[in-house]
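Work through the exercises below with the structure in view. Try each task before reading its solution.

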Amino acid sequence: QALNEGPSPARNVELSILPSPAFELVALNGAPPITNDQGAVVQRFGTLTANTTVYAQLRVLPRQVGRFTNIVRITADEPDSNPADNVAESVLDVLPAGDLAVAQTASQALAWLDRELAYTIMVTNAGPSMATAVRLIDSLPDAFEFVSVEPDFLPAQVVDGILSIELGDLAAEQGTSLTLHLKPGESGEHTHAIEVVSNTPDPDPSNNASVVSVEVVPVANLA
């Protein structure tokens, strides 16, 4: 925002916003931004009467991780009695962000008691940053036994009925798949719930979990 504290009107008021080169310009007050030859986004307000405030909103998309400085400057035709407050800086810390998602399918909707059941799981990272230390957490259904995971080199452990599988780092726009082999020890309908987490912040956790249900039935072995 910009304010003319008076006492006289200010003519040809111009607001120049110089964003960090790490930011992609998206919109200025809802319209495509226009830049000058110094790379600053310019908003012209015309004449600004005394004690009048005007506003400008610049939307940007950070393209790098780190600390960045944006500079805003206001100018007019009239001399300014206090030019020290005509420039403002804002410092913004841009953190890494990943967008993990997980999906799963069961090898069969109707499973047999005490026979292995396979779940194929796909984990993806839509980015924009790498997701580090990605981990799959599986709340094993009651009476389900963990048998194995493919690929078999993935570190997996069960603690208090919770299966954790370490997937490592996952680059942006990349995915990985695995297959879980479980053995149901109780008939009836069972829900298999999984989620993925990582050390990288995820602005959209709504797709980090997946749930499927299977019906487990006893099977006879006649001879």
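The exercises go from the whole chain to single residues.

This is a predicted model, in which local features need pLDDT of at least 70 and side-chain atom pairs count only at pLDDT 80 or more, while totals for chains, interfaces and linings use all residues. Residues are numbered from 1 along each chain as its sequence is written, and side-chain values use heavy atoms, with hydrogens and water left out.

**Exercise 1. The whole chain**

Task: State how many helices and strands the chain has, and compare its radius of gyration with that of a compact globule.

Solution: 
- Step 1. Helices (H or I, at least four residues) and strands (E, at least two) are DSSP runs, numbered from the N terminus. The chain has zero helices and 18 strands.
- Step 2. The radius of gyration is taken over C-alpha atoms, and the globule rule is 2.2 Å times the number of residues to the power 0.38. For 223 residues a compact globule would come out near 17 Å, but the chain has 29 Å.
- Step 3. Along the principal axes, the C-alpha atoms fill a box of roughly 100 × 30 × 30 Å.

**Exercise 2. The aromatic pair**

Task: Find the aromatic pair in the structure and classify its geometry.

Solution: 
- Step 1. Rings of Phe, Tyr and Trp (its six-membered ring) pair if their centres lie within 6.5 Å; planes under 30 degrees apart count as stacked, over 60 as edge-to-face and the rest as tilted.
- Step 2. A search of the whole structure gives one aromatic pair. Its members are Phe-23 and Phe-68, with 5.7 Å centre to centre and 65° between the planes, which is edge-to-face.
- Step 3. The pair links distant parts of the chain, 45 residues apart: Phe-23 belongs to strand 3 (residues 23–28) and Phe-68 to strand 7 (residues 66–75).
- Step 4. Buried means under 20% relative accessible area, exposed over 50%, partly exposed in between (1.4 Å probe, protein chains only). Both Phe-23 and Phe-68 are buried.

**Exercise 3. Surroundings of two residues**

Task: Locate Leu-170 and Thr-179, and decide whether each is buried or exposed.

Solution: 
- Step 1. Leu-170 is in strand 15 (residues 162–170). Leu-170 counts as buried because its relative accessible area is 8%.
- Step 2. Contact means heavy atoms within 4.5 Å. Leaving aside neighbours within four places in sequence, Leu-170 is in contact with residues including Leu-100, Val-123, Met-130 and Val-134.
- Step 3. Thr-179 is in strand 16 (residues 174–184). Its relative accessibility is 19%, so Thr-179 is buried.
- Step 4. Not counting residues up to four places away in sequence, Thr-179 touches several residues, among them Ala-118, Tyr-119 and Val-149.
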